[in-house]
Amino acid sequence: MTKPSLPELLHAAVTAVGGTERPGQVSMAETVAEAIDDGSHLLVQAGTGTGKSLGYLVPALAHGERVVVATATLALQRQLVERDLPRTVEALHPLMRRRPQFAMLKGRSNYLCLHRLHEGVPQEEEEGLFDQFEAAAPTSKLGQDLLRMRDWADETETGDRDDLTPGVSDRAWSQVSVSSRECLGASKCAYGAECFAEAARERAKLADVVVTNHALLAIDAIEGAPVLPQHEVLIVDEAHELVSRVTGVATGELTPGQVNRAVRRAAKLVNEKAADQLQTASEGFERLMELALPGRLEDIPEDLGYALMALRDAARSVITALGSTRDKSVQDEDAVRKQALASVESIHDVAERITNGSEWDVVWYERHDRFGASLRVAPMSVSGLLREKLFADRSVILTSATLKLGGDFNGVGASLGLAPEGTESEDAPQWKGLDVGSPFDYGKQGILYVAKHLARPGREGTRSDMLDELAELIEAAGGRTLGLFSSMRAAQSAAEELRGRLDMPILLQGEETLGELIKGFAADARTCLFGTLSLWQGVDVPGPSCQLVIMDKIPFPRPDDPLMSARQKAVDEAGGNGFMAVAATHAALLMAQGAGRLVRASGDRGVVAVLDPRLATARYGSYLRASLPDFWYTTDRNQVRRSLSAIDAAAKTAEA
């Protein structure tokens, strides 16, 4: 029997999911197959509606080697495991004469821990003896959630937090989960044979396709202890998110609360001298943190340096003492010891990292209204780490609707540690970029309107001219508006002001869960939804409910963002253009994602309105506009109002 061709396989898969074959999808599948066959690397920009999941799944399944697919969002992981993979595998089975297995794998803390559930959380000194199920009154929200999770534990097959509906708070989940550092290990745990996390790992070892998230991919790469099974092909979907997720995993944090918890956990397990040393170091650190002012620490102040060395040394003494003492009076000693060790090791590692000091690290203080001050450390750049860890020994395919910024892939490539496309060098991974376009006719379906007549946005203060413009545009559109704001404060003040002016519902992020807000927004065409960062990339509402997408201003990083400003300064000092490499790239990615909320289906029509004149007048404006879908462009406010009114009238006629 002849081997089925890639076009035959793709056709079968697309038919199975009820889709339509697109030229871009065919082109993507062919290029992905070539990259996998010759072990090279590929960046693919595939616009909304291309069907990119099948564009990489079909050639990967046809190749036959093990594939890891890493995504940024839960929604896409679910779509792959619950819809795309089952249907694709069934459709390809008659042609390929084999049925590839697939599995989902996440970090350990995403799975219910049966030891925690049945034995309780190791007690903390100040809380005295308690079982979390007894201590949380059954009438309280926490108590109800814990009882519900106990029932769920008997029926769930996965123990995966994301399969629990409705979900629970982080606080409730922390009562029934452990980090990888806190885990006793399957061989030492009474529940090891039934462990959900271990079962997920075993399924992944047997699977041909392993679906995971960017965070676990980063842990696998950074920590050197392999979490993912050996694989020949890595596909990174939603790849525009990868750098920020890897940065998050590589960021360390110290807070007084975290240090106090470690002191309480360790005190009952070690000798008095070691416990007192950690207690004293903790108090010194806490006193310093009370005076901490937010901002970057280019040099570590002397008093902080001493406090961190004291913490590091005390933590090391406790770690040694924890290894050599046993105390039979402590109930469930192994679990208590493991939790204490995890807390103390985490403090030791961060204190040592900051004390040692690296020119590649950025250190700063942060202050939070609710949680107080924290000390943080993050890598100046993760590009070297990604170049070394991601692109060795396997073919890597990175894909997203937004990878091509300002007209080429080199900006995103540089953030991933890749030299400019076409560079020939022994230590530079070879890669190529492919833009397969979109099946949508952006020039006919959408308008990009820049409100050139408005005043430039300042750092503080209300923008009354912007709010007037916003109200007029929403009225012309008859509601149907997704408002993307650069800060929560801006979103709140706009919602407050416009609720008093307009006779239409305005939903605001934070007032309900994101899922409920999006459901409410999609259900009623007159409704508007205002919010900040997660809305710029998380909303998929095709049809007449979203016909106006408004961005209040260009989403540059805040000037006081310690990590972004440090990265910008480093590029400047190396002779590059820090503003373009860091701030403009950051803004271009977000704007491309935000503008992508408008056209989600072939029948969608509407306007993306940017209420920041700099997009039309500043030198970098053309770079940002080149990163957006190719909408029809105008700065004529009257034209845009007429267009919005016509789109609204057409939608009302269709609804009637």
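This is a predicted model: local features need pLDDT of at least 70, side-chain atom pairs count only at pLDDT 80 or more; totals for chains, interfaces and linings use all residues.
The expected span of a helix is 1.5 Å times one less than its number of residues. H12 covers residues 256–267, twelve residues in all, and reaches 16 Å from its first C-alpha to its last. This is close to the 16 Å expected at 1.5 Å a residue. The buried residues of H12 include Pro256, Val259, Ala262, Val263 and Ala266. Gln258, Arg264 and Arg265 also belong to the buried set of this helix.

Two helix pairs are worth a look next. In one of them, helix H3 (residues 52–63) packs with helix H4 (residues 74–96), their axes lying 10 Å apart at an angle of about 45°. That angle makes H3 oblique to H4, and the crossing of the two is right-handed. On the H3 side, the residues in contact are Ser53, Leu54, Tyr56, Leu57, Val58, Leu61 and Ala62. They meet Leu76, Gln79, Leu80, Asp84, Leu85, Thr88, Val89, Leu92 and Met96 of H4. Sorted by class, the contact of H3 with H4 comprises twelve nonpolar residues, three polar and one charged.

The other pair joins helix H19 (residues 464–477) and helix H20 (residues 488–501), whose axes come within 11 Å and cross at roughly 55°. The crossing of H19 and H20 is right-handed. Leu467, Asp468, Leu470, Ala471 and Ile474 are the H19 residues in this contact, and they meet Ala494, Glu497, Leu498 and Arg501 in H20. By class, the contact of H19 with H20 holds six nonpolar and three charged residues, with no polar ones.

Alanine 172 lies in helix H8, which spans residues 170–174. Leaving aside neighbours within four places in sequence, alanine 172 is in contact with Leu142, Asp145, Leu146 and Met149. Alanine 649 stands 477 residues from alanine 172 along the chain, and the C-alpha atoms of these two alanines are separated by 48 Å.

Methods: Residues are numbered from 1 along each chain as its sequence is written. Side-chain values use heavy atoms; hydrogens and water are left out. Helices (H or I, at least four residues) and strands (E, at least two) are DSSP runs, numbered from the N terminus. Buried means under 20% relative accessible area, exposed over 50%, partly exposed in between (1.4 Å probe, protein chains only). Axes are lines fitted to C-alpha atoms, for helices over the stretch in contact, and angles run from 0 to 180 degrees between N-to-C directions. A crossing is left-handed if the near helix is turned anticlockwise from the far one by less than a right angle, and right-handed if clockwise. Contact means heavy atoms within 4.5 Å. Ala, Val, Leu, Ile, Met, Phe, Trp, Tyr, Cys and Pro count as nonpolar, Asp, Glu, Lys and Arg as charged, and the others, Gly among them, as polar. Angles under 35 degrees count as roughly parallel, over 145 as roughly antiparallel, 65 to 115 as roughly perpendicular and the rest as oblique.
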